[in-house]
Each structure stands twice: as C-alpha cells, then as structure tokens.
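Colleague: Could you walk me through this one slowly? I am still learning how to read such pictures.

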Amino acid sequence: MQSHDDDENIMDDVRCLFDANLSTIVKSFDFNDNVKNIQIEVAEDEDPGHYQSGIFLWPAAIALCHYFIRVQNVQELMKYKSLLELGAGTALVSMCYCKLLIMNQLVHLSHPNSKQQEFQCLITDRDETCLNLIQNSIKINNYTRFGDDWIQTQVLTYNNNNDIKNMQYDLLYGSDLIYSIQIASELLYTVKKLLNVKNKYAKFILCSSFRHQDTTKFIIDLCKQKLGLNYIMIQNEISQNGVIIEEFSLFCSTFEI
Ligand SMILES: C[S@@+](CC[C@H](N)C(=O)[O-])C[C@H]1O[C@@H](n2cnc3c(N)ncnc32)[C@H](O)[C@@H]1O
C-alpha cells in the first residue's frame with residue numbers, strides 16, 4: 001500500500017514538472033541605500049498556492065536578507081568562507097549575501113587578488129528548474145568571475161548521501177524550508193552532516209514565515225536528544241505575522257544577537 005509520504009513525493013514530482021512550464025520574470029530588490037538592485041528570476045505569478053514551490057519567492061527569504069544585512073559586518077563575514085544555501089528556490093538570500101561580500105571588498109569580481117579565492121558559495125535545491133533560474137540570476141547580477149566559479153549551483157536533496165558526500169560548510173542557511181515534521185527531520189540530519197567541524201563558528205541559520213508550535217518543539221527535542229546540535233531561537237515574531245529565525249550549531253555560540 002502507498003504511504004502518505006510516497007503520495008507527497010509523487011505530488012512533488014508532478015509539481016516540479018508543472019513549475020518548469022510557468023512563465024518567469026526578473027525582479028529587482030532594494031533592501032537599503034547600500035544593498036540594492038539585487039535581481040532574481042522568479043515566477044511571474046506571486047501566489048504559490050499551497051505547494052512548496054521554489055520558483056516563487058517566499059516571505060522568509062526577504063526577512064533573512066534583512067537579518068544578514070543587519071548582522072553580517074566584515075568581522076562576521078570573515079568567519080564564514082564556505083557558504084551553502086539549502087532549498088534555495090530563487091536564491092534571493094544568496095544573491096544578497098554575495099552582494100555583502102562584494103560590497104565589503106572580500107570578493108573582487110574584476111580585480112582578482114588572493115583573498116577572493118577564500119570565499120565559495122554553493123546554492124542548492126532538489127528542483128532543477130530552480131537551479132536553472134538561479135544560474136540566470138547569477139549572470140544577471142554579474143556575479144560570475146572569469147576562470148573561477150566562486151558561486152556554484154548543485155542538486156541537493158536532504159538525506160541523500162550521494163548529494164552531500166565529503167561536503168562541509170562554515171555557514172548554512174535557508175528560508176521557508178519546513179512544511180512537515182518529516183522534512184524538518186531530514187533537513188536537520190543533513191545540516192548536522194554538512195556543518196564544518198573544523199570551524200568553531202559553523203552554524204545553520206533557518207528563517208521561517210510559517211511554523212506550528214508542535215514543530216518547534218519537535219525540532220528542539222530532535223536537536224537535544226538525537227543530533228547533539230545547539231539550538232538558539234534568535235527571533236520569534238510568528239504570532240505577529242513575522243518570522244522565526246533559529247540558529248543550529250555544533251558548538252556553543254560565542255555571541256548572541
Ligand atoms: C517553500 S520553498 C522556499 C524557497 C526559498 N528558500 C524561498 O524562501 O523563497 C521550499 C524549497 O525547498 C525545496 N525543497 C523541498 N523539499 C526538499 C528536499 N527534500 N531537499 C532539498 N530541497 C527541498 C523546494 O524545491 C523549494 O525550492
């Protein structure tokens with residue numbers, strides 16, 4: 001007999017095929033006077049309905065951009081040389097984070113220097129339609145650099161060991177990724193494997209615009225009892241139609257915002 005999860009997986013596959021035929025446009029985002037004109041290719045229709053499609057822009061992505069702009073000064077940016085976005089969708093967050101690296105002169109696009117080799121950003125999703133849009137957005141923002149793919153895209157499905165072989169990152173992040181307890185568990189098991197054990201600052205930042213209280217309890221228990229991940233609730237404005245921002249790390253956080 002087919003399980004509920006099997007049904008969900010089939011529906012997801014059908015949705016991905018459907019998404020590939022939706023029309024898209026390029027949209028520009030201004031966050032403040034400095035961080036502006038960040039462009040992404042995104043579905044023309046603004047309402048994703050009840051599907052978790054990544055070709056639409058989800059509210060937590062914008063909130064996570066504002067958060068990173070607020071907290072990631074040069075000192076903070078320097079702590080995280082390898083970046084990984086999970087379930088990126090349109091990858092607005094990565095486009096914004098990379099802009100911060102460029103603005104702070106940690107990555108130089110036209111004048112190569114030794115520092116630029118240090119930063120690498122990998123943008124992932126399980127949906128290839130999203131990855132195609134993201135590759136266009138990287139070009140539209142002029143983030144490509146001759147002879148050096150400092151931003152790359154890759155298919156990554158949570159809990160698929162083939163996708164995450166030998167990969168470890170300093171900073172993982174994602175927005176609006178959790179829509180069931182099952183996916184929360186798969187995501188966090190993957191996060192645990194991907195966090196760089198050699199970097200004491202390594203962490204995963206998750207921003208969510210929807211969340212059931214039971215799911216938050218499940219996540220906290222999972223971190224504590226099974227994964228051994230430190231959990232910090234950085235912000236919780238979900239009851240005022242805002243977002244939850246959470247931090248997960250291997251080691252105790254040395255600072256709190
Ligand atoms: C609600 S969308 C959020 C997209 C984007 N982060 C945003 O905030 O606009 C969820 C994203 O997670 C991706 N996703 C869903 N299940 C996944 C899985 N098991 N592994 C990897 N990505 C997944 C979807 O393809 C989609 O891009």
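Modeller: Let us begin with a definition: two residues are in contact if their C-beta atoms, placed from the backbone, lie within 7 Å. Helices (H or I, at least four residues) and strands (E, at least two) are DSSP runs, numbered from the N terminus. This is a predicted model, in which local features need pLDDT of at least 70 and side-chain atom pairs count only at pLDDT 80 or more, while totals for chains, interfaces and linings use all residues. Residues are numbered from 1 along each chain as its sequence is written.

Colleague: OK, how many helices and strands does the protein have?

Modeller: The protein has seven helices and nine strands. Among its contacts between residues at least 6 apart in sequence, 72% join residues at least 24 apart.

Colleague: Which residues of α6 are buried?

Modeller: In α6, these are A184, L187, L188, T190, V191 and L194. A residue is buried if 20 or more other C-beta atoms lie within 10 Å of its own, exposed if 12 or fewer, and partly exposed in between, with C-beta atoms placed from the backbone. Seen down the axis of α6, the buried residues fall within an arc of 160 degrees (the arc of the directions from the helix axis to the C-beta atoms), so they line one face of the helix.

Colleague: And what covers the buried residues of α6?

Modeller: The cover includes the strands β3 (82-85), β6, β7 (203-208) and β9 (244-249), together with α7 (213-227).

Colleague: Switching to β9, why is it largely enclosed?

Modeller: Five of the six residues of β9 are buried, so the rest of the structure largely encloses this strand. Two strands pair if DSSP finds at least two bridges between them. β9 pairs with β7 in the antiparallel sense over six bridges, and β8 (residues 230-236) also pairs with β9 in the antiparallel sense over six bridges. In β9, S249 stands opposite K203 and is also the bridge partner of N230.

Colleague: What about α4, is it mostly covered or exposed?

Modeller: α4 is mostly covered, since ten of its twelve residues are buried, among them L92, Y97 and K99. Just after α4, Q105 takes a positive phi of about 60 degrees.

Colleague: Last one: which residues are closest to the ligand?

Modeller: The closest are G54, W58, G87, G89 and S175, out of 22 residues that surround the ligand (a residue is near a molecule if its C-beta atom, placed from the backbone, lies within 6 Å of it). The elements that give two or more residues to this shell are α2 (59-71) and β6 (171-175).
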